[in-house]
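Visitor: I would like to learn how to read the features of a model, one at a time. Could you take me through one?

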Amino acid sequence: MAWDLRYTSVESGPTGRSGFQFVATTPGTPPDVVRAVTPYMSYRPPPSAPTAPAPDELAAFPVAFAYGREGDHAVLARCRYTGRDYSGRYGNFSGHAVVAAPPELEGLRPIELWESPVWDGPPEAVPDLVPGTAFDPDSLVAWLRREGAHDRLAVLLDAVRAALAGGHGRVVLVADDAGLVARWIALVSYSLPAALAADPSFITYTADPESAPQLVVGTVPEAWPRGGFRLGEPVPGDGERPGRFARVIADCWRTGDLDGIDAVGELLAAGPAEDATPDPGPDEG
């Protein structure tokens, strides 16, 4: 079963108190689910954001869409800045979380819920884990081709795989647009075998990337002034060459060979990728 939880600052919530709190949950939501979600219910505006934003400025604040495993639960959370609270003070945000058992996400990459109808469902309902349509593989093939960004994908995929293999580390994606960060997370997710795609935790935006617990962390340039994958800038040409797996996958995206990506993923699941993946040669990737 999946659960839906809503969080914001209100004058009088379900318990009668004021301030930030869960204002609606699916009936029967267990206490351990509430505890798992609580750390995800957080939002700080970008450092350069206006302190008293107008409605049109509010719409430009980045969306913090996060995913992670918490014990036996898969947590997906979306936080949006809403500006004023019930007292007229700025600093309020709306948090919406969906929690499910990992098997309920089988066949889905968590990033597929980026623009899912699940975020439009009524409070207290049992959420229906329906994927959105923002990042289907065919559209990503076309986008990568327009952007000429296959080399960046190879470098990014290599970094994510290294962090996964090491069991620690952080890959920081830097852009003003959280939607662009989400797109790159989708590319990485579709590049990994289905069995591994649910392993990398992520967040599309945080104002404090240094302390973010996720493996893939999105933030804005002013919050991470140096380093990271700066998505609006050219790929530096002086870095190390990506590994064989990353180069082969990037070449599959280049040619639109989605079946090839799946085939390489099956080889990766069967054994070490660097041994199982054919080398495209020194001029590829």
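Predicted model: local features only at pLDDT ≥ 70, side-chain atom pairs only at ≥ 80, totals over all residues.

Visitor: Which residues does the annotation "domain: GTPase-associated protein 1 N-terminal" cover?

Guide: UniProt positions are given in the numbering used here, with shortened feature names, and annotations may be inferred rather than shown by experiment. In the unreviewed UniProt entry, that annotation covers residues 1-125. The span is 9% helix and 36% strand, and its end C-alpha atoms lie 12 Å apart. Helices (H or I, at least four residues) and strands (E, at least two) are DSSP runs, numbered from the N terminus. Residues 141-227 are 48% helix and 11% strand, with end C-alpha atoms 27 Å apart.

Visitor: Which residues of the largest nonpolar core touch the most other members?

Guide: A nonpolar core is a set of buried Ala, Val, Leu, Ile, Met, Phe, Trp, Tyr and Cys residues joined through side-chain atoms within 4.5 Å. Buried means under 20% relative accessible area, exposed over 50%, and partly exposed in between (1.4 Å probe, protein chains only). Here the largest core has 84 residues, and Met41, Ile111, Leu173, Trp184 and Trp253 touch the most other members. Helix 5 (residues 178-191) gives the most to this core, with nine residues. With contact meaning heavy atoms within 4.5 Å, isoleucine 111 meets Phe65, Phe135, Ala182, Ile185, Ala186, Ser189 and Phe202, leaving aside neighbours within four places in sequence.

Visitor: How should I read a helix crossing, and at what angle do helix 4 and helix 7 cross?

Guide: Axes are lines fitted to C-alpha atoms, for helices over the stretch in contact, and angles run from 0 to 180 degrees between N-to-C directions. The axes of helix 4 (residues 150-166) and helix 7 (residues 244-255) come within 8 Å and cross at roughly 140°. Among the residues making the contact are His150, Leu153, Leu157 and Arg161 of helix 4, and Phe245, Ile249, Trp253 and Arg254 of helix 7.

Visitor: Is histidine 150 buried or exposed?

Guide: Histidine 150 counts as buried because its relative accessibility is 6%. Not counting residues up to four places away in sequence, histidine 150 touches Leu144, Arg145, Ala250, Trp253 and Arg254.

Visitor: What does valine 33 touch?

Guide: Valine 33, in helix 1 (residues 31-37), is buried, with a relative accessible area of 0%. Beyond neighbours within four places in sequence, valine 33 is in contact with Trp3, Leu5, His73 and Val99.

Visitor: And where is threonine 51 found?

Guide: Threonine 51 lies in the loop between helix 1 and helix 2 (55-58). Threonine 51 counts as exposed, at 69% relative accessibility. Threonine 51 and glycine 83 are 32 residues apart in sequence and 8.8 Å apart in space, C-alpha to C-alpha.

Visitor: What is phi near in glutamate 124?

Guide: Most residues other than glycine have a negative phi. Glutamate 124 has a positive phi, near 75°. Glutamate 124 sits in the loop between strand 5 (90-100) and helix 3 (137-147), and counts as partly exposed at 46% relative accessibility.

Conventions. Residues numbered from 1 in each chain as written. Heavy atoms only, no water.
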